[in-house]
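I wanted to go through this model with a pencil in hand and jot down whatever I looked up. These are my notes, in the order I made them.

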Amino acid sequence: MSKNEEYKNGELTMDQHTAMKMSTGYLLSRAGRIIHEKFEKAIEPMGIRARHFGLLINLRSYGSLSQSEAAQKMSIDKSTIVAIVDDLEKWHLVERKRNAKDRRLYDLTLTEEGIKNYMM
């Protein structure tokens with residue numbers, strides 16, 4: 001009997017470590033991590049990361065979004081979206097403007113450079 005197997009009530013069972021490695025949740029999490037790593041590597045020559053690409057795609061799909069709307073659509077917290085927008089704004093790919101109706105909000109739009117270089 002291998003160290004990953006044991007008998008319980010006369011039946012062969014897996015140990016907890018092996019059972020965890022075969023669980024749907026673990027396998028989905030591992031697959032997601034692998035896909036994310038491969039995607040990061042694929043877009044590395046573009047000079048951005050997956051989180052930046054995600055915001056660019058959302059702005060391309062939905063048009064102008066507030067930072068709050070973008071964070072909600074990307075399922076990330078508001079402080080994370082600020083860091084992403086800071087990067088994209090510094091690289092002249094996204095423009096951040098005060099919302100005309102509510103000065104507490106910022107609206108995000110793609111710049112011409114953002115469209116030209118990343119949204120072919």
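**Entry 1: what I'm working with**
I'm reading a predicted model here, not an experimental one.

**Entry 2: salt bridges**
How many salt bridges does a search of the whole structure find? I got 5. I kept in mind that side chains of opposite charge can pair when their charged atoms come close.

I started with Arg49, which bridges to Glu40 with 3.5 Å between the closest N and O atoms. That sits inside the 4 Å limit, so I count the pair. Next I checked how open each partner is. Arg49 comes out partly exposed at 46% relative accessibility, whereas Glu40 is buried at 16%. Glu40 gets the buried label because the cut-off is under 20%.

Then I moved on to Arg96, which pairs with Glu89 at 2.9 Å between the closest N and O atoms. Glu89 is partly exposed, at 31%. I also followed the shared partners, and salt bridges link Asp86, Glu89 and Arg96 into one network.

I noted one more bridge, Arg104 to Asp102, with the closest N and O atoms 2.8 Å apart. Is Arg104 buried or exposed? Exposed, with 69% relative accessible area.

**Entry 3: H3 against H5**
I looked at how helix H3 (residues 50-62) meets helix H5 (residues 78-90). Their axes come within 10 Å and cross at roughly 85 degrees. So I wrote H3 down as roughly perpendicular to H5, since that label covers 65 to 115 degrees.

Which residues make the contact? From H3, I listed Arg51, His52, Leu55 and Leu56. From H5, I listed Thr80, Ile81, Ala83, Ile84, Val85, Asp87 and Leu88. Sorted by class, the contact of H3 with H5 has 7 nonpolar, 2 polar and 2 charged residues.

**Entry 4: aromatic rings**
I searched for aromatic pairs and the structure holds 1. Phe39 and Phe53 form that pair, with ring centres 5.5 Å apart and 65 degrees between the planes. I put it down as edge-to-face because the planes are over 60 degrees apart.

How values were computed. Residues are numbered from 1 along each chain as its sequence is written. This is a predicted model: local features need pLDDT of at least 70, side-chain atom pairs count only at pLDDT 80 or more; totals for chains, interfaces and linings use all residues. Side-chain values use heavy atoms; hydrogens and water are left out. A salt bridge is a side-chain nitrogen of Lys or Arg within 4 Å of a carboxyl oxygen of Asp or Glu. Buried means under 20% relative accessible area, exposed over 50%, partly exposed in between (1.4 Å probe, protein chains only). Axes are lines fitted to C-alpha atoms, for helices over the stretch in contact, and angles run from 0 to 180 degrees between N-to-C directions. Helices (H or I, at least four residues) and strands (E, at least two) are DSSP runs, numbered from the N terminus. Angles under 35 degrees count as roughly parallel, over 145 as roughly antiparallel, 65 to 115 as roughly perpendicular and the rest as oblique. Contact means heavy atoms within 4.5 Å. Ala, Val, Leu, Ile, Met, Phe, Trp, Tyr, Cys and Pro count as nonpolar, Asp, Glu, Lys and Arg as charged, and the others, Gly among them, as polar. Rings of Phe, Tyr and Trp (its six-membered ring) pair if their centres lie within 6.5 Å; planes under 30 degrees apart count as stacked, over 60 as edge-to-face and the rest as tilted.
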